[in-house]
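Subject: Structure handover

Hi,

Here is the structure I promised to pass on. Please open it alongside this note; my findings follow below.

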Amino acid sequence: MDYLMFCDHCGMPKPIEEYIMREYFWIASHVYCNNCEMANDIPKHLQSLALEMRKNRYGSID
Ligand SMILES: [Zn+2]
């Protein structure tokens with residue numbers, strides 16, 4: 001399942017694929033809008049979710 005983030009600047013929805021979330025969101029702090037190319041902060045709850053997905057996939061990262 002994909003997740004949607006909305007750009008804070010232009011409101012454009014950005015679909016986030018599951019693997020992007022799992023591989024990238026837990027270490028990234030922001031993503032760039034495809035439309036206006038402004039940086040958007042990744043919400044804390046999506047970072048937590050990404051970390052959970054990572055744990056589920058790879059086991060503990062400690
Ligand atoms: Zn935008």
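Is Leu49 buried, partly exposed or exposed, and why? Bear in mind that this is a predicted model. Leu49 has 16 C-beta neighbours inside 10 Å. A residue needs 20 or more to count as buried, and 12 or fewer to count as exposed. Leu49 is therefore partly exposed, with its 16 neighbours falling in between.

Where does this residue sit? Leu49 belongs to helix 2, which covers residues 44–58. His9 is 40 residues away from Leu49 along the chain, and their C-alpha atoms lie 24 Å apart.

Now the overall picture. The protein has 62 residues, and 6% of them count as buried. Two helices and four strands make up its list of elements. Their order along the sequence is β-β-α-β-β-α. The C-alpha trace spans about 35 × 20 × 15 Å along its principal axes. As for contacts between residues at least 6 apart in sequence, 40% join residues at least 24 apart.

Next, the start of the chain. Strand 1 (residues 3–6) and strand 2 (residues 13–16) run antiparallel, joined by four bridges. Leu4 has Pro15 of strand 2 as its bridge partner. The two strands, 1 and 2, form a hairpin, and six residues lie between them. Gly11 is in the turn, and its phi is positive, at about 85°. When you look at the side chains here, remember that in a regular strand they alternate between the two faces of the sheet.

Best wishes

Methods
Residues are numbered from 1 along each chain as its sequence is written. This is a predicted model: local features need pLDDT of at least 70, side-chain atom pairs count only at pLDDT 80 or more; totals for chains, interfaces and linings use all residues. Two strands pair if DSSP finds at least two bridges between them. Two residues are in contact if their C-beta atoms, placed from the backbone, lie within 7 Å.
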